[in-house]
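Open your viewer, switch to the cartoon view and get ready to click. We will go from one stop to the next, with a question to start us off.

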Amino acid sequence: MRKVTYSMNVSLDGYIVGPDGGFDWTPPHADVFRFWIDEIRGVDVHLLGRRLYETMLYWETAEASSLDEAEREWVSLWNPLPKVVFSTTLTDVRGHARLASGSPAEEIERLRAEPGEGEIAIGGATLAAQAAASDLIDEYRAVVYPVLVGGGIPFFPRADQRVDLTLAGTRTFSSGVVYLGYRVTRPPRP
């Protein structure tokens, strides 16, 4: 069964965007950008909420001549990647994206039933919270920036639900950013 991962940049105090809705504190350091390029190679399909989808549209329309080598590599991986967008306001999407026809749980279960070995990646805290509420996230991946933003949209869902985790990986970047990966620990199934 394909693994469901949730990955985002996050402030040290746990927010993916600050109280003003901005994330200008996540500049694209070269080593962190390379990390995201390597991460996307293992993804078969990416699930996005509307806000993240609209932010990532930049890559669909970016002029190749304005991009550096790493950014062109990202575009070559990101643009053809199948994406499922969850939105109640969008009526159409572009590129290799489609609007979700079901709930996050229904879409994830359907995608898990399809053949494939790559990950089902989730981007966006609201969408991840819905998947987490149904116990569908297998791994949390936080790329932690050395900044306290004081509020905004939290990385982790605020549910009254305990989730035990096992460290899956760490990495410290030259920029002071730290990657923390944790697998969800589930009891053995009978």
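Which residue in S5 is the bridge partner of Val85? Select Val85 and look across to S5: the partner is Leu99.

Before going on, a word on what you are looking at. This is a predicted model, in which local features need pLDDT of at least 70 and side-chain atom pairs count only at pLDDT 80 or more, while totals for chains, interfaces and linings use all residues. Residues are numbered from 1 along each chain as its sequence is written, and side-chain values use heavy atoms, with hydrogens and water left out.

**Stop 1: the sheet.** Colour by secondary structure and you will find five helices and 10 strands. Here helices (H or I, at least four residues) and strands (E, at least two) are DSSP runs, numbered from the N terminus. Eight strands make an open sheet with mixed pairing, in the order S5-S4-S3-S6-S1-S7-S10-S9. Two strands count as paired if DSSP finds at least two bridges between them. Select S5 (97–99) and S9 (165–172): these are the edge strands, each pairing on one side only.

Stop 2: Select S4 (residues 83–86) beside S5: the two run parallel and are joined by three bridges. Strands of a sheet pair through backbone hydrogen bonds, either parallel or antiparallel.

Stop 3: Now select S10 (residues 178–184), which pairs with S7 in the antiparallel sense over six bridges. Ala142 has Leu180 in S10 as its bridge partner. S9 and S10 also run antiparallel, with seven bridges between them, and Leu165 stands opposite Val184.

Stop 4: Select H1 (residues 30–40). Is H1 mostly covered or mostly open? Mostly covered: eight of its 11 residues are buried, where buried means under 20% relative accessible area with a 1.4 Å probe, counting protein chains only. Among them are Phe33, Phe35 and Trp36. Next, select H5 (residues 125–133), which lies across S1, S3, S4, S6 and S7.

**Stop 5: the whole chain.** Zoom out. The C-alpha atoms fill a box of roughly 55 × 35 × 30 Å along the principal axes. Of the 190 residues, 43% are buried.

Note on methods:
Contact means heavy atoms within 4.5 Å. Axes are lines fitted to C-alpha atoms, for helices over the stretch in contact, and angles run from 0 to 180 degrees between N-to-C directions. Buried means under 20% relative accessible area, exposed over 50%, partly exposed in between (1.4 Å probe, protein chains only).
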